[in-house]
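Let's take a friendly walk through this structure, looking at its inner spaces and at one pair of helices.

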Amino acid sequence: MLVRNLMTLAVAVSVWTGFAQVTSAAEQGSGLIANQPGKPMRLWYDAPAPDSDLGWANASIPMGNGYMGINVFGRTDSERIQITENSLYDWAAKNAGFKRRGVNNFAEVYIDFDHNQISSYERELNLNEGVSRVKYEQGGVQFIREYFTSYPDKVMVIRLNASKAGQLSFTLRPTIPFLGEGKTGSVSAKGDTVTLSGMMTYYKIQFEGQFKVIPQGGKMKASGGTVSVSNADSAVILIAVGTNYQLDPQVFLTANAADKLKGFPHPHAKVSGIIADASAKTYDELLANHQADYTELYDRVSLDLGATQPAITTDKLVDAYPDGASSRYLEELAFQYGRYMLICSSRKGTLPPHLQGIWNVYARPPWSSQYLHDTNVQMAYAPAFCANLPELFESYADFFNIFVHQQRQYATQYIKQYNPSQLEPNGDNGWSGPFWTNPYNVTGKSPVAGFGTGSWIAQMFWDYYDYTRDEVLLADTVYPVMYEQANFVSRFVQDIDGALLAKPSSSPEQKFRNTTGTTFDQQMFYENHHNTLTAAKILGRSDPLLAKYRKQLPLLDPIQIGKSGQIKEFRNEEFYCDAHKALDPHHRHTSMLLGEYPGQLINDSTPAWLDAVEKTLTLRTRKSNIGWARAERVAFWARVHDGDEAYLFFQDLLGGNYLHNLFNDHRGGPLFQADANYGATAGVAELLMQSQDHVVAPFPALPAAWSDGSYRGLLARGNFEVSAEWSKGEANRLEVRSKAGGILKLRYPNVAKAVVKTADGQMVNFEAKGTDLIGIETTKGQTYVVTGIPAYTPVAAPSDLTIAKDLKSQIGLRWTGSADAKTYNLYRAVGNAPDYEQIASGVKDTKFAYKASDLKQLEQITFKVTAVRVDGRESRTGATAIRLLP
């Protein structure tokens, strides 16, 4: 079938003219929402975390700087600090099962205080500062500890204080867990430093950690593998860790496990240098370095739903949700917590976050703490863009660029295997998408997911450009990834019944596998072909395969509508989920909808497809208890503009999956998995602002529960930074900062009747398209403030559209009317059409006889009815009904 190019090319050229351009950026006004301080956000507790695996998962405080993940227990008898380093990896020839060898626990660090008669205990994680604290009293002395993990200085820093001089005594005791299970090592102390070193034997990974103690006053003694301090006033402990792993293609291109790191230097010199550099700075200098780096990222975005800081501890806050008085605060906290976790776990020069982010306490973590590319990696990076942390994607981009060398070899293998007539003998066959990878291996094809995983990876690269509009980035980093992926796809797809389809093809983790042309694969292929062509136009490229991609694009057939009104997951599906008896109708994956989220294919310009998404989501139900699936459904429902339904999934997630430390419990156990934490943040951002069609749309799916609030700093495509304030469910003020220039398209009800000024009060001319859409030709660095937006009352939609009579050449339609309606409009979408065509307007009754000459030939029609109010405004939603040819 012919699929027209549905996705806007506004990124390349504007189709609007006649704007009055503001020629200079004014100094930002002090009254801007964007300049207001962030809301204080913290987790706090009145007891230490239990010293157990359950305590680790449920109660420890996570920290990180990309180089290491930290879990702080806050204990007073013997503090426990667990350290993860993502390249410390174990494996085995037979590594099966749910919990299996993978990322290993780097170190368990104990600080023995022997404080057992304590009072006034409190511990916290301050998200605004990226600092954790513990304080309590014993024997008339107040003890305070501060912890932070610094990315610029590559260390963890701990400061220990006593309120009275000479009262601080402790023993620092690092240990190596799981020795003897493919792991060797020893711990020794000399002077003020404990050194922990060893090897993971399977990949010959050499590891080292150094722990330096800097006391003020008192005495210090090294013995065995410990350093003891007695009668000090205060002390600072510096921690640095490392391995001989390097981000180098050799790691993936070397087949022999023992040779993958061959020639890479022992980490001793690296770790020693980090400790030496950090110890040359004062504590205040280290803290200032950390906070300058951390707050520059964290402070970009703030969310205020009107909650006050609760008087109850965070564990009680979680337990009380959703019925507690402070539920809004937990919702705010969950949003910022996902951003915090991404800052901790994804920094340039370090490995990207895996299933557990950067935190693992086990010898055999769930699913080896791998990178899964059928949703989990993509969900980790969803908030990087909309929640204004785009440079955090560089961690994954660098990792991709070392494993892609292996994927190019796989691409040639698969073209030769599945479509040999399209093989380029010299090996230029692009790269194929992986299902899973780890820091040392990337597998070949898996029947668990189709090759659409590659195009989904490429889409993350496109988003990196689309949210930043950095054309150097597009040319040097993004375009080559997309172009090569399109190269593979262009050779892999086969002409089957006039469409270019994936064969074999699988929809992620469904049990009907190795079929043809699943919607997952076809949508992802379409998105990447389209994005590649768009990028080529922006860059003025004329590469030899572009003509082929352009010819193939309409034949990739990304969407098929089933007889239930659903978007099909499989091509042989007719009614919902009937393609195979093994299919789960309530499956956690909803991969046939990825063109709606996180993709751009399905949007407000494809309303028939958007209605089919809503039908599919309804049929999928709320039965899945998987954390990341609930997070993803928040975003799915937000994209169909149903904020209240999306909010139900958000409540399900916070109430059913969030642990006391806000770690996501994947499915009970507890079983920590980080993807839902990241995904929840992205889902909330989608409720508050969307831009998938390159139109900035504040409040596209605002839940009724969030009647009043404000946010600042969300990022839209086009590199527009958006802040907003609302009350009683309606916008009072919108602010858009243009960070790259270009045309801003802004959609909100009645926005064309509002006042638009620059930050310093200059009036701004704009082009209106109806009452709800305006365009402004922006100046880079300028902020545009929209106020005086007239109140808006949505039009109630009709319901219960039915086909009362079908005479083949005439169809009788009936529906339940809307109290707001003066008249009704009727539409139809034929087959897989993305849009509706109007068949009647000004209908005053709640029934209509529709006649058309082609009714006898059309196998499937979706009818839709909407209400039109006396003021001419049409209901956003409507009622639909499917007519199948008798």
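A cavity here is a set of points, on a 1 Å grid over the protein atoms alone, where a 1.4 Å probe fits but cannot get out. Grid points are joined across faces, edges and corners, and a volume is the space filled by probe spheres set on the points. By this rule there are ten cavities of 30 Å³ or more. The model is predicted: local features need pLDDT of at least 70, side-chain atom pairs count only at pLDDT 80 or more, and totals for chains, interfaces and linings use all residues. Residues are numbered from 1 along each chain as its sequence is written, and side-chain values use heavy atoms, leaving out hydrogens and water.

The largest cavity has a volume of about 260 Å³. Its lining (residues with an atom within 4 Å of a point) has 21 residues, and Gln378, Ala382, Asp463, Tyr597 and Pro598 lie nearest the centre. Helices (DSSP runs of H or I, at least four residues, numbered from the N terminus) contribute to this lining: helix 7 (376-386), helix 9 (452-468), helix 14 (627-639) and helix 16 (675-688) each supply at least two residues. Helix 7 gives the largest share, six residues.

Helix 16 also packs against helix 15 (residues 643-656), at an angle of about 160° with axes 11 Å apart; axes are lines fitted to C-alpha atoms over the stretch in contact, and angles run from 0 to 180 degrees between N-to-C directions. The two are therefore roughly antiparallel (over 145 degrees). In their contact (heavy atoms within 4.5 Å), Gly643, Ala646, Phe650 and Leu653 of helix 15 meet Ala676, Ala680, Val684 and Leu687 of helix 16.

Methods. 1 Å grid on protein atoms, 1.4 Å probe; cavity = no way out; pocket = protein on both sides within 12 Å on 5 of 7 lines; lining within 4 Å. Parallel < 35°, antiparallel > 145°, perpendicular 65-115°, else oblique.
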